[in-house]
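This report goes through one model, chain by chain and then across chains. The structure is shown first.

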Amino acid sequence: MIEFRNVSFSYEKDTPVLQDLSFRIDAGESVGLIGANGAGKSTLMKLLLGLLQGQGEILVDGLAVSKATLPEIRRRLGFVLQNSDHQMFMPTVYEDMIFAPLNYGVSREETEQRVDAVLEQLGLTALKHRHNHKISGGEKRMAAIATVLAMEPEVILMDEPTSALDPYNRRIVINTICSLSQTRLIASHDLDMILDTCDRVILLSQGRIAADGPAREILRDRALLEAHRMELPFCLAGRE
Amino acid sequence: MNKSEQALSALAEMDELAARQSPIHRLHPIAKLLVTIAYIFTVVSFGKYQLSGLAVMALYPVLLFQLSGIPARTCFHKLRIVLPLVMAVGLFNPFFDRSPLLYLGTVPVSGGVISMLSLMVKGVLCLTASFLLIAATPIDSLCAALRRLHVPSLLVTLLLLTYRYVGVMTEEVSIMTDAYRLRAPGQKGIHISAWGSFLGQLLLRSMDRAQELYASMLLRGYHGHFHYAAVNPFRPADGAYLVCCIAVFALLRFVNVAELLGRLLVR
Amino acid sequence: MHMADALLAPAVAATMYAASGVTAGISIHKLRKDDEPQKLPTMAVTAALVFAGQMINYTIPGTGSSGHMCGGMLLSALLGPQAGFLSMIVILAIQCLFFADGGLLALGANVWNMAFYGCFVGYYLIWRPIQTGRWFGSGKSAQRARIIAASIIGCIVTLQLGAFSVVLETSLSGITELPFGAFCALMQPIHLAIGLVEGLITSAVLLFVYESRPQLLRDVDPAPGAAKRSLKSTIAVLAVLVLVVGGGLSLLASSNPDGLEWALFGNEDAGYSQNMGLDEEDYGVSSDAADKAGSIQEATAFLPDYAFADNDTPVGTTVSGIVGSVMVAGVAVLICLAGGFFRKRKTAAG
């Protein structure tokens with residue numbers, strides 16, 4: 001589904017952000033992307049989305065990410081931004097949800113059906129005609145996920161989906177992520193959430209893959225995590 | 001509450017009013033927009049001594065307030081912003097235009113007083129009309145109406161996006177103002193040493209924000225077009241409202257109803 | 001400086017709408033041709049920022065008061081004149097629609113007074129010539145000086161033009177009896193002070209941007225080197241200086257407003273030489289002066305009161321007019337009562 005082949009990237013010369021990354025994610029997998037601040041998580045996502053260009057090859061569904069394939073690639077990828085205010089730029093939730101399907105040439109009727117179906121699936125029907133600047137942080141995050149789902153992407157990328165949410169809303173988001181069937185790549189510092197939502201974890205450190213394996217193994221490995229400026233998830237840390 | 005917070009609550013208040021339901025809210029946005037413009041045009045076109053003609057025009061906002069259930073109190077609260085300038089300009093009229101126009105009993109009333117009063121009445125009526133328009137029409141329907149009236153899409157989209165981010169940025173300014181005040185007790189505003197960095201910081205962050213916003217548009221297939229929510233069709237009732245209002249305004253402009261009514265009683 | 005609808009005659013308002021509309025059309029055309037799709041979100045966010053920035057109070061050192069900024073110069077230095085102009089339109093529209101600041105009909109005039117001068121005059125005649133003209137030499141400190149000079153001169157000049165337009169539009173609308181000169185004498189000095197403060201704030205913000213991310217500023221060389229001063233920009237800056245000096249002189253003239261009036265409208269046959277300065281105690285009160293002012297008003301307003309220039313009993317100012325108005329008020333009260341009654345019934349039923 002997604003394949004990175006020897007991908008490197010640097011914003012400035014001699015300070016590489018990502019170095020020689022290679023991995024693949026298969027269809028239906030749910031992968032957590034973890035690492036300390038500045039490890040390169042966001043850069044990796046931006047490369048995949050074609051917002052940045054680096055060296056090496058990135059394949060989505062067998063298609064190499066390049067200027068020519070961008071429309072095709074982006075249509076398959078749904079990206080939930082960390083700041084929902086950046087994601088939701090239209091006045092109402094509904095208008096934000098129809099933005100992408102109509103841009104991709106889906107008919108008005110089908111768009112309407114998709115919007116209603118997604119809202120129903122996420123239990124957000126009441127939000128449909130609400131104004132984006134008047135809904136709460138938790139609602140906004142859920143609405144942002146709904147906007148992306150209305151695109152019917154094959155892969156969903158999320159950047160810190162649980163940041164700044166209270167426990168209740170965080171739980172709702174986690175349950176929503178678990179209920180999705182698409183391929184998922186989730187970048188976060190919320191390791192408990194990663195443990196709940198992902199089967200596999202890729203640990204980035206200083207632009208390289210420090211570990212790649214089952215979530216339950218990597219997230220239990222205190223020595224590995226601490227070596228890369230991370231800590232055990234709270235639920236596994238136990239009480240001192 | 002600091003100034004930005006006041007602005008935020010004013011915005012929220014307008015949104016809340018526009019989301020209500022009433023016969024006026026249900027009217028087509030194009031009809032409402034055109035009627036409002038016609039009304040303001042009519043009011044402003046009254047001569048400076050035609051106070052009683054203007055008085056009849058006041059029935060329109062009164063009727064609309066009643067039909068829409070929008071509280072007039074909110075509106076009058078807003079008048080404080082722009083009325084001072086109108087007042088300042090009008091206040092000189094009584095000094096310059098002193099020829100008596102009519103006598104109330106034996107007290108002469110000069111043309112300047114009449115023109116000052118009519119200027120103030122005009123100010124209140126015009127503002128009330130635009131207030132009623134926006135209080136009964138959500139911004140997205142208004143933008144859709146502007147598109148239908150062939151206002152360039154670039155401008156309409158810009159209005160829509162800016163409106164969306166006015167809330168976000170104002171909130172940020174509000175937080176920064178509070179943070180500044182907490183560390184600068186007794187200062188009325190931003191000290192000169194921070195003049196540049198206060199807004200400058202915010203500006204740099206907004207540029208990054210714009211980048212991210214553009215990315216989020218691109219990732220959802222943006223290629224130069226914005227799609228708006230479909231607007232309800234223009235019903236015959238909307239057309240009737242539009243035609244009737246404009247006809248009545250024209251009538252009131254040329255026939256002084258107050259004068260006629262008065263003549264029934266006074267000879 | 002936001003004008004209200006009531007201060008404008010329909011013809012003046014329509015003229016200003018047309019002028020602003022044409023400028024907006026040209027700007028949109030230019031932006032479409034440039035085809036920079038990422039410009040739209042940048043414009044929206046910057047406009048929102050300027051809107052929010054207008055709510056910041058800046059303490060003016062040495063005084064107890066505080067200043068604000070309005071943002072035309074700032075926007076054109078960051079986005080360029082066309083994009084800046086459109087962003088200002090949107091800001092003014094939101095202010096007029098949601099905050100009752102300005103008016104729907106006066107929007108055209110407000111756009112002209114604040115956005116056109118701030119963006120186009122401010123950019124083409126002040127910002128760009130000063131930046132590209134290599135004034136004050138080369139190097140970083142010269143660049144800083146250019147930014148400060150352009151911001152301050154720009155804000156002062158554009159605000160003076162804006163204030164003058166307000167006076168002109170109001171007078172042409174025949175709204176005020178205040179003589180043109182006296183009105184100028186009121187508005188221009190106030191806006192000189194406002195412009196200076198706004199210029200200082202704008203230069204502070206732009207300097208900050210220059211230090212941290214110079215590539216955001218228009219026509220500013222991120223890495224200044226030596227270059228020749230071009231003739232074109234020298235002429236432009238000279239023109240601006242003439243404008244500033246001219247503005248100053250007109251201020252002097254406006255302390256003797258009749259002089260300005262006379263100069264502008266060539267009223268020599270009236271032999272109009274009475275001083276109407278604001279400092280005089282009997283300012284505008286003596287009936288002689290009032291009559292003269294009235295005649296000036298007649299002569300200057302090119303939209304005289306349409307219907308009632310010399311009517312004996314103008315319609316609407318008779319006793320029956322008053323009685324009629326009272327009856328209208330009665331109708332209004334009835335409408336309110338009926339409205340309340342129906343709503344109550346509805347809530348009772350629901």
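The model is predicted, so local features need pLDDT of at least 70 and side-chain atom pairs count only at pLDDT 80 or more, while totals for chains, interfaces and linings use all residues. Residues are numbered from 1 along each chain as its sequence is written, and chains are lettered from A and ligands numbered from 1 in the order in which they are written.

Chain B has 13 helices and 2 strands; helices (H or I, at least four residues) and strands (E, at least two) are DSSP runs, numbered from the N terminus. Further values for chain B are listed here.

| Property of chain B | Value |
|---|---|
| Radius of gyration | 24 Å |
| Span of the C-alpha trace along the principal axes | about 75 × 55 × 30 Å |
| Residues that count as buried, of 267 | 53% |
| Contacts joining residues at least 24 apart, among those between residues at least 6 apart in sequence | 79% |

For a compact globule of 267 residues the radius of gyration would be near 18 Å; the radius is taken over C-alpha atoms, and the globule rule is 2.2 Å times the number of residues to the power 0.38. A residue is buried if 20 or more other C-beta atoms lie within 10 Å of its own, exposed if 12 or fewer, and partly exposed in between, with C-beta atoms placed from the backbone. Two residues are in contact if their C-beta atoms, placed in that way, lie within 7 Å.

Between chains A and B, 26 residues of chain A are in contact with 24 residues of chain B. On the chain A side, α2 (70–76), α3 (84–87) and α4 (93–103) each supply at least two residues, and α4(A) gives the largest share, 7 residues. By class, this side has 14 nonpolar, 7 polar and 5 charged residues. Here Ala, Val, Leu, Ile, Met, Phe, Trp, Tyr, Cys and Pro count as nonpolar, Asp, Glu, Lys and Arg as charged, and the others, Gly among them, as polar.

In chain C, helix α3 (residues 72–79) has 8 of its 8 residues buried, including Met73(C) and Leu79(C). They pack against α2 (39–53), α4 (81–99), α5 (107–132), α6 (140–172) and α7 (180–212) of chain C. After α3(C) comes Gly80(C), with a positive phi near 90°.

The largest nonpolar core has 260 residues, of which Ala146(A), Ala48(C) and Ile89(C) touch the most other members. α7(C) gives the most to this core, with 17 residues. Such a core is a set of buried Ala, Val, Leu, Ile, Met, Phe, Trp, Tyr and Cys residues joined through C-beta atoms within 7 Å. Leaving aside residues up to four places away in sequence, Ala48(C) touches Thr162(B), Tyr165(B), Val166(B), Val168(B) and Met169(B).
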